[in-house]
Amino acid sequence: MKYFTREVKIGLAGVIALAMLFIGINFLKGINLFQSSQSYYVSFQNAKGLAKSSPVYADGYNIGIVRNILYNYNKPGEVIVEIQVNNALRIPKGSSAELISEMLGGCTMNLLLANNPRERCEPGDTLIGKETTGLMDQAATLVPQVEQILGKVDTLLTALNQLAADRNLAQIMQNTEAVTRNLNQSTVQLNRLLSKDMPMLTRTFNQAGQNITELTGNLKQLNFQATLDKANTTLGHVEQMTAKLNRKDNSLGLLLNDTLLYSNLNNTIGSANLLLMDLKEHPKRYVHFSVFGKKDK
């Protein structure tokens, strides 16, 4: 008991406190001192703000942390990242790692495990790091396009403001309202036409169709051949009469074709006309009338 003096107890308490502080700090960093682990190295061209104690994921599961980040001064442009993973993890050969930028800054590492169940990497081997375009990198490439879109939106808003300030817009709206009312009235009239007048028109068309059908039936019953025969006979008679009128062996033919008879008739009518004119001018030459009888010359 004489060995556990006050000074020894204070020293032991300090050592225990320092040990607990060390364990606590490593626990906050994600390092489990009571769990066996193994280290691997990953080579990147750009660390992209990767920090120590950042988690390392494989298939979305946290399998370790970043222990250290070293810049390879012997080979500029290369960054070596030391990762500590669970001892139970078997990394197949051909696996690689990628850095994914987070929305709020920083980045995380994701192991891309190869499909090689026979060969695996040994602790201390170096994996190849790949650069991927994260959400923030894509957003950076979209910034110029967004700026162009904003310029177009600004132009569009300016045009809309000018259109809204135009005094003709109110008149256009009134005209549009009037056109809408007219369309509504036209729609009502069209509905009325379809509900009232269309059935009547349909019945009329149906009746007309029935009449046409009856007329077609009556036409089918007519003897067209007999009608055509009668027409041919009539045309034959007309042809015979025309032929007789063209000949001079009949009265009508002579009257129509004999020019001498026409001249004689024309002269006779002229003489009769002169006689009537002379009778009108000198009636006493042809008519004698006396109350007391005939007077001797």
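User: Before we start, what counts as a polar contact here?
Analyst: A polar contact is a pair of N or O atoms within 3.5 Å. Within protein, one atom must be able to donate a hydrogen and the other to accept it, and residues adjacent in sequence count only if both atoms are side-chain atoms. The model is predicted: local features need pLDDT of at least 70, side-chain atom pairs count only at pLDDT 80 or more, and totals for chains, interfaces and linings use all residues. Residues are numbered from 1 along each chain as its sequence is written, and side-chain values use heavy atoms, with hydrogens and water left out.

User: OK, Lys52. Which side chain does the Lys52 side chain make a polar contact with?
Analyst: That of Asn68, at 3.3 Å.

User: Where is Lys52 found?
Analyst: In the loop between β1 (37-44) and β2 (55-58). Strands (E, at least two residues) and helices (H or I, at least four) are DSSP runs, numbered from the N terminus.

User: What else is Lys52 in contact with?
Analyst: Leaving aside neighbours within four places in sequence, Lys52 touches Val66, Arg67, Asn68 and Ile69. Contact means heavy atoms within 4.5 Å. Val81 lies 29 residues from Lys52 in sequence and 9.1 Å away in space, C-alpha to C-alpha.

User: Is Lys52 buried or exposed?
Analyst: Lys52 counts as exposed because its relative accessibility is 53%. The cut-offs are under 20% relative accessible area for buried, over 50% for exposed, and partly exposed in between (1.4 Å probe, protein chains only).

User: Now the surface. Which residues make the nonpolar patch?
Analyst: Ile149, Val153, Leu156, Leu157, Leu160 and Leu163, over about 530 Å². Patches take residues with over 30% relative accessible area and no salt bridge, joining like charges within 9 Å and nonpolar side chains (Val, Leu, Ile, Met, Phe, Trp, Tyr) within 5 Å. A salt bridge is a side-chain nitrogen of Lys or Arg within 4 Å of a carboxyl oxygen of Asp or Glu. Areas come from the Shrake-Rupley method with a 1.4 Å probe; for residues, only the protein chains shown count as cover.

User: Where does Leu160 sit?
Analyst: In helix α2 (residues 135-165). Leu160 is partly exposed, at 44%.

User: Last one: what is the overall pattern?
Analyst: Along the sequence, α-β-β-β-β-β-β-β-α-α-α-α-α. That comes to six helices and seven strands. Buried residues make up 15% of the 297 residues.
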